[in-house]
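Visitor: I am new to reading protein models. Could you walk me through this one, feature by feature?

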Amino acid sequence: MSEPMKVQARLSAPVGRVRQALTDPAELRLWLAEHAEVELPQRYEFWGRYTPEGDAPHQRLLHADDDTLRFGWLLDGVETTTEFQLTAEGTDSTVLMLTQSHFDFAEAMSGSSIRGVLQTFWALSIANLAAHVEGKPLLPRTDFTSADLRGELVIAAPADKVWESLTDSEQASAWFGYPIGIEPWVGGRYAMGGFETGYAAKVVDLEPGRRMSIDWGPTGVTSWELAESGGRTTLTFVQSGFDEANPPYGAWSGSVAGLFELRRFHEVPNWQPIWISEEIPGLEPAPTS
């Protein structure tokens with residue numbers, strides 16, 4: 001088995017507040033799952049449409065104390081292990097480390113197991129946890145029972161600034177946390193990893209300042225549309241054109257998680273990303289076999 005996946009994030013809240021959000025079932029239903037039940041130290045369960053294989057609770061609590069929460073999670077017939085570890089950083093900041101076993105990048109790319117969505121499921125969930133403890137609007141959660149992949153996000157910035165950050169290679173690489181090469185014209189490349197080594201998708205529709213669509217092949221077409229009102233911009237995003245019998249939930253979750261930093265890029269003075277892991281926590285759509 002490969003080494004466990006590890007992701008770290010800095011949350012703007014004390015350890016006690018983050019722990020409450022992680023263990024209070026009413027709060028879990030807001031940022032993590034449709035359904036949640038917690039009775040420490042015996043029970044920690046979440047399920048529903050926003051959870052992979054969420055037809056029923058599949059978690060088994062292994063350990064819980066003031067700064068660590070660990071549980072087994074049965075996915076695709078295998079019990080994985082998930083651990084949250086909280087470390088205080090001053091009085092108003094917490095470093096959260098997520099450790100997740102049984103994540104295989106090959107499964108993420110091929111879609112051969114629901115475990116392939118774990119990296120981006122947790123990236124989106126941690127982004128929503130960060131928004132929740134800061135009192136900010138949440139990102140759309142991924143509905144694992146639906147092939148309708150769409151959502152919207154309101155950003156406190158003018159549309160021209162948001163458009164520039166979506167289409168300028170340097171700015172997009174900054175807020176996404178990974179090199180992105182962008183040629184902002186129809187027929188241009190959109191290259192995750194950069195033009196030299198990355199996978200290059202194709203821009204198939206573009207109206208400057210308003211909308212852009214990128215064709216990723218088997219995982220479909222990502223479309224963004226901007227509408228400004230009162231100096232704020234509503235970003236509507238849609239994934240379409242994929243095999244609806246096998247929706248690209250992992251790629252979609254990673255794309256939505258990335259938009260959390262796009263919003264912070266415009267709204268937070270002296271912006272720095274919350275992610276302090278060396279590896280990017282989200283994934284853009286990429287070809288599947």
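Guide: Start with a hairpin. In the hairpin of E5 and E6, two residues sit between the strands, and Asp 76 takes a positive phi near 55 degrees. Keep in mind that this is a predicted model: local features need pLDDT of at least 70, side-chain atom pairs count only at pLDDT 80 or more, and totals for chains, interfaces and linings use all residues. Residues are numbered from 1 along each chain as its sequence is written, and side-chain values use heavy atoms, with hydrogens and water left out.

Visitor: Which strand do seven bridges join to E6?

Guide: That is strand E7, residues 94-100, and the two run antiparallel. Gln 85 has Met 97 in E7 as its bridge partner. E6 and E7 also form a hairpin, with five residues between them. In that turn, Gly 90 has a positive phi of about 75 degrees.

Visitor: How do I read the two faces of a strand?

Guide: In a regular strand the side chains alternate between the two faces of the sheet. You also need a scale for cover. Buried means under 20% relative accessible area, exposed over 50%, and partly exposed in between (1.4 Å probe, protein chains only). Now look at strand E8, residues 149-155. Leu 149, Gly 151, Leu 153 and Ile 155 point to one face and are buried.

Visitor: Which strand pairs with E8?

Guide: Strand E14, residues 232-240, pairs with E8 in the antiparallel sense over seven bridges. Arg 150 has Val 238 in E14 as its bridge partner.

Visitor: Next, charges. How many salt bridges are there?

Guide: A salt bridge is a side-chain nitrogen of Lys or Arg within 4 Å of a carboxyl oxygen of Asp or Glu. By this rule the count is 18. Take Arg 17 and Glu 27, whose side chains meet at 3.0 Å, N to O. Arg 17 lies in helix H1 (residues 15-23) and Glu 27 in helix H2 (residues 25-31), so this pair ties together parts ten residues apart in sequence. Arg 17 is partly exposed, at 27% relative accessible area. Glu 27 is buried, at 10%.

Visitor: Where do Arg 210 and Glu 225 lie?

Guide: Their side chains meet in a salt bridge at 2.8 Å, N to O. Arg 210 is in the loop between strand E11 (199-207) and strand E12 (211-215), while Glu 225 is in strand E13 (residues 221-229). The two are 15 residues apart. Arg 210 is partly exposed, at 33% relative accessible area. Glu 225 is partly exposed, with a value of 33%. Salt bridges that share partners join Asp 205, Glu 207, Arg 210, Arg 211 and Glu 225 into one network.

Visitor: What about Glu 183 and Arg 189?

Guide: Their side chains meet in a salt bridge too, at 2.8 Å, N to O. Glu 183 is buried, at 16% relative accessible area. Arg 189 is partly exposed, at 34%.

Key:
Helices (H or I, at least four residues) and strands (E, at least two) are DSSP runs, numbered from the N terminus. Two strands pair if DSSP finds at least two bridges between them.
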